Structure formats: structure tokens, C-alpha cells
Amino acid sequence: MATLVTTLRAMLLGLSAVTLVTGLATPRDAAAGTIKGMVVLKGATPELKKLAVTIDQYVCGKEKNPEDLILSPQGGIRSAVVWLDKPPAAASGEALPSTTSMDQKECAFAPRVLVVPAGGKIDFLNSDRLLHNLHATPTANPPFNRTQPKGRTITISFSHPEIIRVTCDLHSWMRGWVVVAEHPFYALTNGAGEFELRGLPAGRYTLKIWQERLGTISKDVVVGDQDPTAVTVEMPAR
């Protein structure tokens, strides 16, 4: 009898150990893949001329460096937007911040490009000691045209996905861009042209890449067993 009890006890302990190990050693989540890439310029770098400043030079300076195409020494493109075309419904990416901000400093929008989720909002700031004007004419979202003195914050909500150009009627060289995201799988390239899209199951995807001067291109990529999936996107020079 004692032998039987000992045997049953050993079996129960063994089952508990298996259950514990199984709970800890969960197989790699099918939605844990990452696309890690770089967006680079293909072709000769276009000539980028400085922009003349014709008003409010005491704040804005006499000229501005062009910011519609900023490259790293290796040709990486800064502030390009990369997103998945038609991501799988089962994928759950990291949510984009629902509120972010864009400032106006020395007569330039900072940052120049922002990504905000549909239903999110942007706090537009004015750090300059002069009057600015926020003006945009989107197609899917309501247009806006608001004067903005120093220190005033103007909050604007964006409900529908699209790419929106923001200007200042008082300073013609000023440009800002709002990309309203349809889903969480959007990324903005850093100063080296690098980006990451996380939380993807294995499969074939189409990337969309937009840059304000170079337009929009597509690239297919396969997420498989190797993680992260490395990709280089070349945008033709214009």
C-alpha cells in the first residue's frame, strides 16, 4: 500500500511539473514578428536650394534650409512614412499615441511630419513671438484656417485616414504634414531612415512608403521564421 501511495504521489508531482513548464515555455507568439528596415534614396541627390525669407526676419532669419528631403550621410531618408497595406485582422500592433503635438519654431513646423491615428488629435503650438496661421484643406477631414498668436494652443481632431498638408498663409515657405493612420501598423523613419513594424504574424505583406517630395511607392515583403525581417526600400530620386 505504501508503495502505491508513493507511486501516485510521484505521478502527481510529475504532472504538476509538466503543467508548470508548459505554462512558462509557451511557443513563440504567431504575432510576434517584426519588419525592421531602412528607406534610402535611389539615384543622384537632387539639388536642394535654400528658401528665401521675405517677412519677419527678426524671428525667421534671412533664409531656410529646405526640409522636403533630408538625408543621412548614407542616403537614408528622414521622415518617410511606412505602413502596411491591408494588415491581417488578427494582428494587434502597438497603438499609436492618441494625442501628439506640432510646434512652430523659428517659422518652421516641428516636427515637420506627424502620424496620428484616426480619431486622434494634435495640439498645434506657437513658440514664436509673432502671429502664425494654420491652414489645411483635407478631403476626408474638415478643413481649418485658424490664426494663432504666440502661446496659444489649437487642438484639432482627425477622424478619417488621409495625408494632409498644413501651411501658414503668413509665411509661404512653411510646410507641415499630418498622416492620419487607418490602423496601428504605421512608422515614421528616423534620422538614419530606419523604421520598425512589430507584432506581425508570418505571411506576405505589401508596404506603402510615402515621402513628401518623392511620393508613394510599394514594396512586398515576407515575414517568416527569421526575426526580425530585414528590408531595404529604395525611393527613386525626383
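**View 1. Salt bridge between Glu-212 and Arg-112.** In this predicted model, Glu-212 and Arg-112 form a salt bridge with an N to O distance of 2.7 Å; the term requires a side-chain nitrogen of Lys or Arg within 4 Å of a carboxyl oxygen of Asp or Glu. Glu-212 sits in the loop between strand 16 and strand 17, and Arg-112 in the loop between strand 6 and strand 7, 100 residues apart. Strands are DSSP runs (E, at least two residues), numbered from the N terminus. Local features need pLDDT of at least 70 and side-chain atom pairs pLDDT 80 or more, while totals for chains, interfaces and linings use all residues of this predicted model. Residues are numbered from 1 along each chain as its sequence is written, and side-chain values use heavy atoms, without hydrogens and water.

**View 2. Salt bridge between Arg-112 and Glu-67.** The N to O distance in this salt bridge is 3.7 Å. Arg-112 is buried, at 14% relative accessibility, whereas Glu-67 is partly exposed at 33%. Buried means under 20% relative accessible area, exposed over 50%, and partly exposed in between (1.4 Å probe, protein chains only).

**View 3. Open sheet with strand order 14-4-16-17.** Four strands form this sheet, with antiparallel pairing. Strand 14 (186–188) and strand 17 (215–223) are the edge strands, each pairing on one side only. Two strands pair if DSSP finds at least two bridges between them. Strand 4 (residues 81–85) and strand 16 (residues 203–211) are joined by five bridges, and Val-81 stands opposite Trp-210 in strand 16.
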